[in-house]
Amino acid sequence: MIAYYVRRFARLFTAHIDGPLLGSVLLLMAVGLVVLYSASNAGWTRVSGQMVNMLVALVVMWIVANVPPHFLMRLALPVFVIGLVLLVGVALKGEVINGARRWLNVGVTRIQPSELMKIAAPLMLAWYFHRYEGTLRAGNFVLGALLLLGPVGLIARQPDLGTAVLILASGSYVLFLAGLSWKILAGLGVAALAGAPIVWSMMHGYQRQRILTLIDPMEDPLGTGYHTIQSTIAVGSGGVTGKGWMSGTQTHLDFIPERTTDFIFAVYSEEFGLLGNMLLMGLFLLVIVRGLVIASSAPTLFTRLLAGAITLTFFTYAFVNMGMVSGILPVVGVPLPMISYGGTSMVSICLGLGILMSIHTHRKLLHT
Amino acid sequence: MPKLLFSTGVEFRDSQREQQQFKVRLTILSAFVVLMFALLLARFVFLQVLQRDHYHTLAEANRISVVPATPGRGVVTDRNGLELAYNYTGHTLEITPSKAGDVDTTIDSLGEIVEISPRDRRRFRQLLEESKSFESLPIRTRLSDEEIARFAARRYRFPGVEIKARLFRYYPQGEMFSHVIGYIGRINQKELDRLDEDGELANYRGTDYIGKIGIEQSYERVLHGTTGVEQVEIDSAGRAVRLLSRTPPTSGANLVLKLDAGLQALAYKAFGDRRGALVALDPQTGGVLAFVSRPGFDPNLFVDGIDPQSWNELRNSPDRPMLNRALAGTYPPGSTFKPFMALAALTTGKRTPQQTINDPGYFQFGNHRFRDDAEFGHGAVDMYKSIVVSCDTYYYMLANDLGIDAIAKFMSRLGFGSRTGIDLVGEAAGILPSQEWKMQRFKQKWFAGETVSIGIGQGYNSYTPLQLASAIATVANDGVMFRPHVVDYIEDLRTKVRTPVEPKPLRNLGLNPDHIDTIKKALVGVNKEGTGSSVFAGAEYTSGGKTGTAQVIAIKQGDKYVEGRVQERFRDHALFIAYAPAEKPTIALALVVENAGFGARAAAPIARQVIDYYLLGKGGDGTAELKRVESTP
């Protein structure tokens with residue numbers, strides 16, 4: 001009798017969990033803790049802190065996985081509007097920390113509305129295109145692009161180039177998947193090339209410097225080039241097999257800046273080498289492939305678009321971070337998903353993955 | 001309901017098409033993902049396989065710093081093992097000006113934590129001017145443990161300020177040995193250039209100090225040792241994290257001097273407040289037993305860099321404490337020159353010991369009358385008496401008979417007018433006058449009248465106390481001459497091998513033993529029944545000696561020198577040369593007491609004290625001041 005209830009409860013508890021996705025996430029988290037332990041010089045404070053972050057993120061993932069997609073759909077517009085209002089609030093009276101206006105004090109605590117936008121933007125766009133399913137015209141795409149560019153512009157102005165790029169990417173994936181015509185895409189490509197000088201002129205000095213640094217890091221080896229040079233040295237000197245866990249000289253002699261957060265991949269790569277990199281890319285691919293499968297089998301346009309965008313955003317995180325650490329992309333503040341220390345990104349990524357699970361586990365219900 | 005069917009059909013197809021299109025786009029994006037990951041993988045392969053060695057080298061260069069391991073400087077001891085210069089570990093508070101920001105503010109706030117005296121500030125200012133801003137310069141030396149702790153607790157407030165453990169040079173005996181031991185000081189640009197020329201620069205990486213004068217300078221190479229190399233792992237802030245490998249430095253060799261510290265201390269004290277110099281040699285080896293120049297100075301002032309005020313005091317003092325009188329001070333030898341003149345007369349055959357002259361109290365040369373000390377003369381004077389009573393007339397005549405060039409030729413064999421080659425830098429050559437010398441020096445011919453006063457050690461004659469000591473030592477040693485040397489042997493710290501410094505004779509003058517015997521008998525006579533007899537009365541040994549009084553200013557024709565009338569600075573110098581025991585001399589010395597008047601009165605007593613101590617161990621209370629190493633600063 002008790003066994004029955006236990007089993008029933010267990011079934012209820014795990015009903016909306018996607019096994020393959022959860023498995024790869026747990027593997028990534030395990031790798032993350034191992035690297036973090038080394039990156040924080042065998043210190044337990046960060047590792048235990050990160051464990052708490054992971055626990056919270058997993059709980060959030062479970063909750064979201066149990067929320068049916070149609071409920072999410074109802075949330076799309078209000079969440080987006082709230083996000084937008086908060087972003088405007090930040091622009092007007094946000095708190096400046098480290099030279100960037102990213103935080104908003106809401107009395108109890110400080111929040112970073114751009115994090116909310118990471119989910120709110122693709123959610124909104126997916127909802128919008130779903131609403132006009134079957135009657136989509138060019139006008140819808142223009143409005144969709146505007147909906148996207150609003151928050152992206154506000155975030156880029158903070159300035160937070162990393163988040164802006166990620167949100168732009170996630171929104172763009174929705175537009176692309178929703179069927180943005182190739183002609184417009186080609187036109188946008190041309191416009192982007194033509195607009196580059198204008199964007200350049202609007203950029204902050206340090207942002208320009210980061211791009212210049214990418215072209216020639218040695219131009220400013222102790223300034224903006226320092227991060228790239230030292231992280232590239234860490235990656236390169238790792239070789240095929242790596243220097244071994246806890247044995248990275250670049251890491252432990254403090255040559256890698258931000259080594260528990262944005263540059264944690266340099267630590268990993270130095271200590272585990274090319275083989276380790278391949279393992280990590282493999283784990284990321286597991287999540288991505290599973291996400292793409294979920295997207296392609298999703299029942300409605302909303303869920304398809306949302307699942308596709310979340311998966312590809314996840315990919316973008318990983319790619320941009322690893323690209324930046326290995327010196328092929330400019331230094332933008334993008335964490336390595338599941339590995340970098342920090343609760344916010346951990347929770348927002350798991351929230352996305354929870355949505356993927358929800359989409360997958362609720363698909364039959366929606367078919368009827 | 002065909003229409004409915006149709007319409008739903010369209011919708012269905014639309015939806016179908018849309019789903020189809022979505023899958024196409026998703027596939028495109030999947031391809032994009034694969035492509036980007038492939039790009040990333042290519043980048044990893046490039047970095048970690050193809051360029052791995054390059055980045056490995058960079059990472060190693062990042063973390064490894066090659067640091068010189070400075071050798072310990074050799075210790076200098078006297079013949080009995082008493083430390084005259086040694087090292088101790090002390091803590092200094094050092095500022096790197098380029099990292100510290102405003103130096104004055106930094107020093108002010110440091111002053112609240114550790115005591116910083118005005119002298120420290122002045123000294124630091126001086127260092128600052130002489131050094132480059134990235135060098136670490138000491139503001140305080142010899143920090144107490146408490147001061148170290150106080151600073152350590154507040155070090156975060158002081159970027160560019162560090163506590164360093166350093167080996168310090170210390171000269172426990174202070175000014176008594178200052179001129180002979182010398183001191184070390186911070187390496188200056190000139191010395192750097194010279195090290196570079198000698199190819200020694202690499203060996204001095206990590207060394208801040210170099211010998212400036214004295215033994216510290218002349219034995220720099222030996223004392224310094226060989227610098228080792230340490231490979232140290234450093235972090236990004238340049239702090240040493242751990243030692244990777246080490247080629248140990250080879251410490252400098254120790255120097256054991258021939259010098260007897262007790263003798264030196266006693267001799268230094270014997271001068272009292274007088275200025276002067278004394279050199280005592282072992283006539284059988286040329287080893288320096290005592291090397292005194294008074295006043296001295298505290299060599300420890302120079303080790304951390306001397307402050308301008310102390311430096312000015314030393315430099316502007318009328319007593320000229322920085323002058324090494326024994327080595328670089330030159331004095332007319334006065335009557336101490338006479339025995340050498342007599343030896344020259346015997347060797348050249350100008351006189352026999354028995355030949356007598358009649359001394360009326362003066363020597364008439366043309367219309368110039370050269371006066372004798374004794375107003376009415378010494379009567380009949382032979383060679384023995386000429387030395388014992390120090391008869392001037394005898395030597396006026398002798399000099400006139402010999403001629404200046406014969407005198408110069410003989411005296412140069414005894415080492416007058418040329419450097420002895422002692423193992424100290426900065427030796428003066430003195431002046432041994434000759435026709436050639438005068439022509440070179442003044443572009444003038446020699447006047448025969450000038451030769452006369454040369455005979456009694458006046459005129460152009462000017463020699464260092466060291467030269468005088470070397471000359472009397474050579475006579476005492478029967479004409480066998482040694483190069484004077486302060487250091488007895490060099491002791492390798494590791495192998496304990498002792499390398500003696502020049503035990504071989506420099507030259508044998510080949511003098512007739514009978515001639516030497518004659519001179520020695522007369523010198524013994526001086527201390528027995530002559531000008532030195534009162535001072536050496538009751539000595540338990542026989543000794544030879546000769547007094548001398550050197551004029552500082554010329555006395556006008558017909559005037560008589562009266563001590564009380566002459567300003568202290570212009571009074572005569574008192575000189576004395578001596579050796580003992582007469583049978584087989586083990587000590588020979590020369591000394592000068594500046595402006596002290598008659599040699600027998602001012603100089604001879606010092607010689608007596610020195611010989612009494614050296615031969616009999618008497619009067620050792622001067623050695624009580626000597627500090628053993630146990631009493632560290």
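**Exercise 1.** At what angle do the axes of helix 7 and helix 13 of chain A cross, and within what distance do they come?

*Solution.* This is a predicted model, in which local features need pLDDT of at least 70, side-chain atom pairs count only at pLDDT 80 or more, and totals for chains, interfaces and linings use all residues. Residues are numbered from 1 along each chain as its sequence is written, with chains lettered from A and ligands numbered from 1 in the order in which they are written.

Step 1. Helices (H or I, at least four residues) and strands (E, at least two) are DSSP runs, numbered from the N terminus. Axes are lines fitted to C-alpha atoms, for helices over the stretch in contact, and angles run from 0 to 180 degrees between N-to-C directions.

Step 2. The axes of helix 7 (residues 161–177) and helix 13 (residues 301–325) of chain A come within 9 Å and cross at roughly 140°.

Step 3. Angles under 35 degrees count as roughly parallel, over 145 as roughly antiparallel, 65 to 115 as roughly perpendicular and the rest as oblique. Helix 7 and helix 13 of chain A are therefore oblique to each other.

**Exercise 2.** Determine which residues join helix 4 and helix 5 of chain A, and classify them.

*Solution.* Step 1. Helix 4 (residues 69–93) and helix 5 (residues 113–131) of chain A pack at about 140°, with axes 8 Å apart.

Step 2. Two residues are in contact if their C-beta atoms, placed from the backbone, lie within 7 Å. Helix 4 of chain A contributes residues including A:L72, A:F80 and A:V90, while those of helix 5 of chain A include A:P113, A:M117 and A:W127.

Step 3. Ala, Val, Leu, Ile, Met, Phe, Trp, Tyr, Cys and Pro count as nonpolar, Asp, Glu, Lys and Arg as charged, and the others, Gly among them, as polar. By class, the contact of helix 4 with helix 5 of chain A has 16 nonpolar, 2 polar and no charged residues.

**Exercise 3.** Describe the side of chain B that touches chain A.

*Solution.* Step 1. Chain B and chain A each give 37 residues to the contact.

Step 2. On the chain B side, helix 1 (2–50) of chain B supplies the largest share, 22 residues.

Step 3. This side of chain B divides into 18 nonpolar, 9 polar and 10 charged residues.

**Exercise 4.** State the strand order of the open sheet in chain B and identify its edges.

*Solution.* Step 1. Two strands pair if DSSP finds at least two bridges between them. The 3 strands have the order 1-8-9, with antiparallel pairing.

Step 2. Strand 1 (64–69) and strand 9 (240–247) of chain B each have a single partner strand, so they stand at the edges.
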